[in-house]
Amino acid sequence: MIELAVYKEIDEIMEKYREEKTPLLSILQEIQEKWRYLPGDVLGYVSQKLDIPSSVVWGVATFYSFLETEPVGEYVVRVCRSAPCHVNGSLDVLKTLQKELGIKEGETSRDGRFTLETTSCLGVCGVAPAMMINDVTYGNLSEDRIREILALYR
Amino acid sequence: MFYRSHVLVEMTSNSLVRGAAQIKERLEREIKRLGLDQEIKVLETGSFGAALPSPFVVVYPDNIIYAPITVSDVKRIVEEHFWKGRPVKDLIFSPPEKGEMGTFLPYFPLSKEKRVVLRNSGQIDPLNIEEYIARDGYLALARVINEMTPDEVIAEVKKSGLLGRGGAGFPTGLKWELTRKAEGEEKYIVCNADEGEPGTFKDRLILEGDPHSVIEAMAIAGYAVGAQEGYIYIRGEYPQSIGHLKTAINQAREYGLLGKNILGSSFNFEVKIREGAGAYICGEETALLESIEGKRGIPRNKPPYPTQEGLWGKPTVINNVETLANIPPIILKGADWFRSIGIPTCPGTKVFTLTGNVNNWGLIEVPMGITLRELVFEVGGGIRGGHNLKLVQTGGPSGGTMTPDLLDVPMAFDTLSRYNSALGSGALTVIDDTHCIVDVVKNFMEFFLHESCGKCTPCRIGTKRIVETLDRISEGRGKPSDLEYLRYMGEHIKNTSFCGLGQAAPNPLLRCLDFFEEEFRAHLEEGKCPVNTCSMKAKTKILI
C-alpha cells in the first residue's frame, strides 16, 4: 500500500501540469522518475484525479517501453539491439551482461540492483555497440569495458 | 570580459561516452592552475561531422584542432600550447586529405562536405544564444516578421523545393500551405524529434549542436501558417538533447524571441517539449500526435491528414528536425541559392549517418545526389578489416537495401525509389561479407516485431511468423517451402498493414530474398551457413 505522503507528492506533480491539455504521459513519466515504477494503486489514483478511465491509464502505462508497472532494479541496463550495434557484436554484449549480472533479459537481480533489458536503438551508432544504464550511455563496449563500467555501479 | 583565446570542447553523446566531460573539467582546472583563466575561456560545442575523431578540442583564434584526445593529454596541451605558445604537434588532428595540417577554417575536414543544416554545429556554444545570434541567428525570424507576409514565406519555402527530411520526402512548403489554408483559428507546429530508426542519430546531433536553429524555424513556421504554439516531441533516450533544448527555449524566451509580441510585433509563439517513452512507432506522425495527447502511440486513419485535423483535432504542421534546420538559411539566402545545391528534383543537402562495418563512423552533410560509393569508400574510408561490402541498408530497417552493384546510384528521394530502395532518414548501415544474411535480416525483423504497436493483425502477427521462420532457418530446421512462405507473408504485410511501419516492415526481407536467395537456400538445402557466422555455426560446432 502507498503511504499518504506519497499521494501528496503525486498531487504536487499533477499540479505542475494543471495548465496542460493532455498531461497523462508526462505525469506518469515524472512519477516513474521518482519511484522507478508505477504501482497499480498509483495508476488508479491518477485515473481518478484526471477522470480518465483506469483502462486507458493502464493502456498507456503498458504501451511505452520506458514505463514500468513492475518494480525494477535500481539500475536499468538497456542493451542496444539496432543493426549497427548488431554487426559490431551487441549479442556478445548481452551475453557478457547476462553472465556478469547473473540474470537474463527482462529479469531483475535478486538484490534489486540491476534490471537487464534490450532496446531497439539508442541513437549512438557512432560508438557501437552501446548500452544505457539509467540516464547514462556507454559505447565501444568490450568484455573488459563492461566489467569496468559495472564496477562503477556495484 | 575579453579573452585572448577560446577553447571549444565537443560535448555530444558520442564524445561524452569517451570522456569529454572529464576533459573539459581538466582543461578548466589546468588553465586555472596556471592562472590563465582570465585569458582563456573553455566552451562547449556540438559535433563536427564524420571526419573528426571524437572527442575533439578546437582552439581559437589559432584554428587548431586536437583530436581525438584523452584526459591525460590535457595537461600537455595547456602547458605547451596555452602557456608557452607551442602547439602540441603530435596531438593535432591530421586530416585524411591534403591540406594544411590541423588548420580549421576555411578548410573543412572533407572536401565533399556542404554544411547548411550543420552550419553552426561544432563552431558555436549551443548553450549560448548570443553565439547563435552572432552568426545571423534569429535574423531570418526578424526578416519574416518585419518584411514578409505569411504567404510570401510559404512561397519562398515552396520555391526552394525543400522535401521533408524525416524519410517520406513530402514537400515542406506544400505542407505549410495546406495547414495555412485549413479552417480554424487554433493551429500547431510539431517538431518530430522522435528519431528512432536504427542507425540514425542526425537529429540528436543537430539538437545538441545547434538547438536554436530548430526553435527559430518553428517560430517561422508558426508565423507562416498562423500557429501560436509548437511542440517538440523528442525521444526519451536523448537526455542530453532534451537538456540543451530546454536551456535554448528559456534563453529564447528571455530574449523575447519566443512568447508574446515577438520583436515588437503582434505575433505570439510558444514552444514546449514533450518527451517520448521508448516507442519507435511514435515517429509515425499520427502516432506521435496520439502520444502528445497522452494516449498509446497508435497511428490514426489518414485522411484526414494532420494538416487538416492534427493535434487535438486542429490543423498541424509536423516537420522533422533536419527539415526545420534548413528553413532559416532558405529565408536568409533565398530559394535560388538553396536550389543551387543538390539536384533539381531534390535540392539541398542531406545529413547522413554512416555506421556498421566502415572505417569512419559518424555524420556528414553532403549535397543531395552524392553516390553511395563516395559515401562508403571516400567519406567512410572503406570497409573495416579489409573485408568486402555485402550490402548497405539505407534509411534504416524500414528503408531500402543496396547491393554493391547499385553503388553509383545518386542518393536522393526520387532516384532511390526508382531502385525500389529508399533514402529514408539518411541512415547508412554498412554490412560486410562476414555477416550471414539470415542473421542480418532476422535482426531487422526482430526490430519490427518488437516495435509493432499491435493495432493491426498483419504487422502484429505477420512479423512474429517471419521471425519464427527465420529462427528455424538459422537453426538448421528450415523447410523447403520456407522461402515461398516468407515471400508470401512479406507481400501480405506490405499490402495490408495499417500504417507506414507495417507497410515498410517486410522491405529488408523481400529485398534480401531477391538479392541473396542462394544464401538462404544454402541454409535450407545444404544445412550450412556459407558465411559461417549465424547460429548454425554454433550448432555445427557442437555436432563436430
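**Entry 1. Charges over rings**

I take a charge to sit over a ring if NZ of Lys or CZ of Arg is within 6 Å of the ring centre and within 35 degrees of the ring normal. By that criterion I found the charged end of Lys34(A) over the ring of Trp35(A), 6.0 Å from its centre. I also found the charged end of Arg78(A) over the ring of Phe66(A), at 4.1 Å from the ring centre.

**Entry 2. Basis and confidence**

I note that this is a predicted model, in which local features need pLDDT of at least 70 and side-chain atom pairs count only at pLDDT 80 or more, while totals for chains, interfaces and linings use all residues. Residues are numbered from 1 along each chain as its sequence is written, chains are lettered from A and ligands numbered from 1 in the order in which they are written, and side-chain values use heavy atoms, with hydrogens and water left out.

I looked up the confidence of the complex and read an ipTM of 0.93 and a pTM of 0.87 from the predictor. For chain B the average pLDDT (the predictor's confidence in each residue, from 0 to 100) is 90, and 94% of the residues score at least 70. Where pLDDT is low, the predicted coordinates should not be read in detail.

**Entry 3. Strand β11 of chain B**

Helices (H or I, at least four residues) and strands (E, at least two) are DSSP runs, numbered from the N terminus. I count two strands as paired if DSSP finds at least two bridges between them. Strand β11(B), residues 349–356, has eight of its eight residues buried, that is, under 20% relative accessible area, where exposed is over 50% and partly exposed lies in between (1.4 Å probe, protein chains only).

I traced β11(B) to β12(B), residues 362–367, through a hairpin of five residues; six bridges join these antiparallel strands. Phe352(B) has Ile364(B) as its bridge partner in β12(B). With β15(B), residues 427–432, strand β11(B) pairs in the parallel sense over four bridges, and there Gly356(B) stands opposite Val430(B).

**Entry 4. The four-stranded sheet**

I then followed an open sheet of chain B with the order β7-β6-β5-β8 and parallel pairing. Its edge strands are β7 (270–275) and β8 (316–320), each pairing on one side only. The twist averages 20° from one strand to the next; axes are lines fitted to C-alpha atoms, for helices over the stretch in contact, and angles run from 0 to 180 degrees between N-to-C directions. Six bridges join β6(B), residues 229–234, to β7(B), where Ile234(B) has Glu275(B) as its bridge partner. Helix α10(B), residues 239–254, packs on the sheet and touches β6 and β7; its direction makes about 165° with that of β7(B).

**Entry 5. Aromatic pairs**

I listed 16 aromatic pairs over all chains. Rings of Phe, Tyr and Trp (its six-membered ring) pair if their centres lie within 6.5 Å; planes under 30 degrees apart count as stacked, over 60 as edge-to-face and the rest as tilted. Phe447(B) and Phe448(B) are edge-to-face, 5.1 Å centre to centre with 65° between the planes. Phe447(B) is buried at 7% relative accessibility, and Phe448(B) is buried at 0%. Tyr485(B) and Tyr488(B) form a tilted pair, 6.5 Å centre to centre with 35° between the planes. Those two tyrosines are separated by about one helical turn, because they lie three residues apart in helix α18(B), residues 482–496. In chain A, ring pairs link Tyr75(A), Phe114(A), Tyr138(A) and Tyr153(A) into a cluster.

Methods. Contact = heavy atoms within 4.5 Å.
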